Amino acid sequence: MTAEPGMVVDVTAVRGSFTLEAQLEIPEAGVLAVLGPNGSGKSTLLEVLAGLLPPQRGEVRWRGRTLSSADGRLVPPASRRVGLLAQDPLLFPHLTVRENVAFGLRARRERDAAPVADRWLERLGVAALAARRPRQLSGGQAARVALARALAAEPEVLLLDEPLAALDAAAAPELRQLLAEVLRETGLTTILVSHAVLDAALLADHVAVLREGRVVEQGRRADVLGAPRTEFTAAFVGVNLVPAGFGGLRAGAPAGPPQGSPAQVTRLRFRPGAVVVSEHPDGRENTWEATVRWLEPVTGGVRVRLATPDQPDVLADVDAAGVDQLRPGARVWAHVPVEAVQTI
């Protein structure tokens, strides 16, 4: 008999006209990233986990203990040792930084609140700000203080609600790296919700993808981000997933165990970085004609969306120096090597 994961979620919850139906297992000491676009149910899920929204069906269990259930059992948020860090730091303006960080422990009448607060301020690189008020902090500093406050309260589970979304381009990478270090050091069970794939790639062990209130895919980070099995997830994480026969493409080895006869192959998968875009055909196999739909910047280059009649769009990553002729509406030729195409 296998042990139950740290947290088990199997709920239906309603907020206004929106319904969330989620089934998740979060390993103890693991980090689960819940990805999805705006309106997919990420914040609703966190409200259920934090005890702010009771489920209409099912329950939330932590270490075998029921935290929330549809039959009325509900451990109050203040009693479930679940910390929540939101986009807005929500620091108390009338308290100093040290007092903010010590607040959770003092609310529980812990005598060592101030020393614990100072340790976390030191660990997160903001000890010099201990006597300041929140209005004297930058956005990045306030985010670090909010994280210190959440950790100083000694939660058993940490909920992160897009904590990097409101930060500028300089502060976000620093806090992301700091989060990665702290989560590794503490082994704290964490649920991170985000619309950014990079957050999942750098912080999470497991990934779940939400769409319109439903979990459409979940599993190990490498599997979900590197080898998605649904078109929605593939599009969201930036992997091409097209039907068999697309563009006359021929594939290399199957993705995973043998799939049997060729008739069982239904989709082909390849990464944007494997696609070569040129102005003229060069006679290679796995080449098809397409139209540039739009371009956008990505790390190290430019991402091009290519449209093919009656087929799904394909993403291609190209060097920024080679996009002179790639304008929306331009006719181009796309090529992907046989060995870069997987069948699923």
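## The largest cavity

Leu 85, Ala 86, Gln 87, Pro 89, Ala 143, Ala 146, Pro 163 and Leu 175 line the largest cavity of this structure. The model is a predicted one. The volume of this cavity is about 40 Å³. A search of the whole structure finds one cavity of 30 Å³ or more.

What classes of residue make up the lining of the largest cavity? Seven are nonpolar and one is polar, with no charged residues.

## The largest pocket

The largest pocket holds about 770 Å³ of space. Its lining counts 23 residues. Nearest the centre lie Val 82, Gly 83, Leu 84, Gly 104 and Ala 153. Strand S6 (82-85), H2 and H4 are the elements that give two or more residues to this lining. S6 provides the largest share, with four residues.

Sorted by class, the lining of the largest pocket has 17 nonpolar residues, two polar ones and four charged ones.

## The second largest pocket

The class count for the lining of the second largest pocket is 10 nonpolar, three polar and four charged residues.

## H2 against H4

Two packed helices are described by the angle between their axes and the distance between the axes. For helix H2 (residues 97-107) and helix H4 (residues 139-152), the angle is about 25° and the axes are 7 Å apart. H2 is therefore roughly parallel to H4, as angles under 35 degrees count as roughly parallel. The crossing of H2 past H4 is right-handed.

Which residues form this contact? H2 brings Val 97, Asn 100, Val 101 and Leu 105. H4 brings Val 145, Ala 148, Arg 149 and Ala 152. By class, the contact of H2 with H4 has six nonpolar residues, one polar and one charged.

## H4 against H5

H4 also packs with helix H5 (residues 171-186). The angle here is about 20°, and the axes lie 10 Å apart. H4 and H5 are therefore roughly parallel to each other. H4 passes H5 in a right-handed crossing.

On the H4 side, the contact residues are Gly 140, Ala 143, Arg 144, Leu 147 and Leu 151. On the H5 side, they are Ala 171, Glu 174, Leu 175, Leu 178, Leu 179 and Val 182. The contact of H4 with H5 has eight nonpolar, one polar and two charged residues. Ala 143 and Leu 175 take part in this contact, and both also line the largest cavity.

## Ala 330 and its contacts

Where is Ala 330 found? Ala 330 sits in the loop between strand S16 (314-318) and strand S17 (331-335). Leaving out residues up to four places away in sequence, Ala 330 touches Ala 290, Thr 291, Val 292 and Gln 325.

Ala 330 and Ala 113 are 217 residues apart along the chain. Their C-alpha atoms are separated by 63 Å.

Terms used
Residues numbered from 1 in each chain as written. Predicted model: local features only at pLDDT ≥ 70, side-chain atom pairs only at ≥ 80, totals over all residues. Heavy atoms only, no water. 1 Å grid on protein atoms, 1.4 Å probe; cavity = no way out; pocket = protein on both sides within 12 Å on 5 of 7 lines; lining within 4 Å. Points joined across faces, edges and corners; volume = space filled by probe spheres on them. Nonpolar A, V, L, I, M, F, W, Y, C, P; charged D, E, K, R; others polar. Axes fitted to C-alpha atoms, helices over the stretch in contact; angles between N-to-C directions. Parallel < 35°, antiparallel > 145°, perpendicular 65-115°, else oblique. Left-handed = near helix turned anticlockwise from the far one by under 90°. Contact = heavy atoms within 4.5 Å.
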